[in-house]
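Visitor: Please show me the structure and walk me through it.

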Amino acid sequence: MMALSVTALETRLPTQPRDRFSLAFEEIGLPGAEPLFTDRLDSRRIDLRDAAVLAPGELAVRGLLRLPGYAEDLDATVTFLTDARKDTVTGFAVDVTVPGWRVVSGGLDLDLSLLGALGFTDAHMAFLAEQDVDGGPTDTVCRTAVAVAFPSPAVDAEEGESAYLFITPDAGGALCSMSAVFAEGLSLDDLGNLAALPFGGGTPFHLTKDLRALLPGLDLSLTEVEVTVDLVRGALVSAGLRVRLVKDCDLDPVRLRDVYIDFSLLFTPIGTALSATLTARSDIVGFALDASVTVPELDLEAALTAPLAALPEAARAHVAGTPLGSGPVGRVVARAGLRSRTYSLLCELAGGWQLAEHVTLTELSLLVAGGRRTSPTASVAGAMVLGATSIRVEANGGADGWQLSGLVRELDFKQVSDWLTQHGLPVPVCFTDLTLHTLALEATTQPASCQLVLGAQTLLGGLPAAVELRAQLAGAHAGASGAFTAAVSLVLPPNEESDGGVMRLLVDLSRDDLGTRLTAGWSDAPGLSLVSVASLLGIDVANVPRALVPTLTELDLSYASSTSHLLFRATTAHTEVVFASSPRSPVPTAATLEGSLT
């Protein structure tokens, strides 16, 4: 079967009023269209009487067509489709106006007369056959459809011009669904145009005052319609209308593109319920997100529908100074208040952020928040896994450096100690019997530093003491090694000679073959009584003349875990006191005093 050329078709078009146009199936050159001719047209040809070309130069013919199931001829228009060069006929469409609202075709017998009472103008049947662009040259796509017409609401529509909804009958015949997508849109000068449509129900379509104030004019276009009708009652059940805003909305700091207003109508015996939702593509921190806006609250929620290979440039600026930004992006969600002009955006980041040799943050996310009159702020969150414990870490900063911190409470000291030992930093023996209450991660990028801070509570000399043990972790690059420091805060009660106070000792720890050596220092003003300090350390100064017991502003001590030797030195501006204690020595604790009298 040869394809029909446009030149050959033009020679067959009617040239005189009330002419006849006839074209056989074999002449059209669409072998796959044969069922359409035999089942729907009940003939092997398109045969129009009283035919005429719609307009000069068009490949469309209008005339009278006889169809099975109808006693009279029907008004029909046949339009021919061509290839891009307009050399070859590639298909045809037959549009038939159905009299009396009764549709009979194939096994379908549908009475649509109740739609006329709703304001629709007439019913149509359409038959389409065209070459399958995804198949071979002889493959054909055939479709049939039932549609109803209504006056076009477009402001640029010609008088009497119609738009169409295509019908999908319910299996039981009671309900029918009607829908259409208007690719070019039906331009509207006001939402009030929708109320007069057969499926508008006379409902006053309007936007809230706040929403009107946000939108740049109301250059509108009707793009989609879905309607459900009860054919038994002859009543509308529901309708959905999608209206597009032709212009974008720049609502600094959020930009909305491809803005649609989705109206939903529910028709009940007691009235019509109307709701509206705004959908759009929103540009937030460089991300193009699918968004919806609640009305009348004007709260926006948006999400990324497909993963990205890397952060967009605007978002990458918020992670400057980190190794993040070049890896894949996972889930992105955003919220914005269109009234307040504020937003927040959360973005999941793939990969990790190495802070030290054995410390890498995973499960990373970027949070950016801002507003029209405020500069955006950004933070990064992640997780450090330590054995069975996960520490949530938050990072704040910028290109000049980042500060990171995280905290967990009430965990097993042994678990932390085992992790440190496994990574070459065993906890000093003198701290291993403490009860761990908190574990914190503190890190900076400029200068590079990463510490685990172990917080514990204990009793020293019967007094409560807060112990803070810091593990300086080995750096991510060669040359940095791990080390411990500590601090002990002692709460000294008041006595007859002192109001008490808090002593915070800064402790250095070092290890050798004999064990751990602990050295500590303290300084403060106005200072503490030597009596309070000496009693705390188990040193008896009862025989020291009280006149020679000063208020201390500085002290140093040294303790060796292998021998339990304690060396304690306290000084003031005029006095220096040194004590030495050894539990294994039969000689009582020794004390020496040095000073000057003026």
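The questions and answers below go from the whole chain to single residues.

Guide: This is a predicted model, in which local features need pLDDT of at least 70, side-chain atom pairs count only at pLDDT 80 or more, and totals for chains, interfaces and linings use all residues. Residues are numbered from 1 along each chain as its sequence is written, and side-chain values use heavy atoms, with hydrogens and water left out.

Visitor: How many helices and strands does the protein chain have?
Guide: Helices (H or I, at least four residues) and strands (E, at least two) are DSSP runs, numbered from the N terminus. By that rule, the protein chain has 9 helices and 35 strands.

Visitor: What share of the residues of the protein chain count as buried?
Guide: Buried means under 20% relative accessible area, exposed over 50%, and partly exposed in between, with a 1.4 Å probe and protein chains only. The chain has 598 residues, and the buried share is 42%.

Visitor: Which residues of helix 3 are buried?
Guide: Helix 3 spans residues 34-41. Its buried residues line one face of the helix, because they fall within an arc of 100° seen down the axis. That arc is taken from the directions from the helix axis to the C-beta atoms. The buried residues are Leu36, Phe37 and Leu41.

Visitor: Which residue follows helix 3?
Guide: The residue there has a positive phi, near 55°. The name is Asp42.

Visitor: Which strand gives the most to the lining of the largest pocket?
Guide: A pocket is an open set of points on a 1 Å grid over the protein atoms alone, where a 1.4 Å probe fits, with protein on both sides within 12 Å along at least five of seven lines; lining residues have an atom within 4 Å of a point. The largest pocket holds about 850 Å³ of space, and 34 residues line it, with Asp95, Ser162, Ala163, Tyr164 and Phe166 nearest its centre. Among the elements that give two or more residues are strand 4 (74-82) and strand 10 (162-169). The most, 6 residues, comes from strand 11.

Visitor: Is Ser365 buried or exposed?
Guide: Ser365 lies in strand 22, residues 359-371. Contact means heavy atoms within 4.5 Å, and Ser365 touches residues including Leu346, Cys347 and Ala381, not counting those up to four places away in sequence. Its relative accessible area is 13%, so Ser365 is buried.

Conventions:
Grid points are joined across faces, edges and corners, and a volume is the space filled by probe spheres set on the points.
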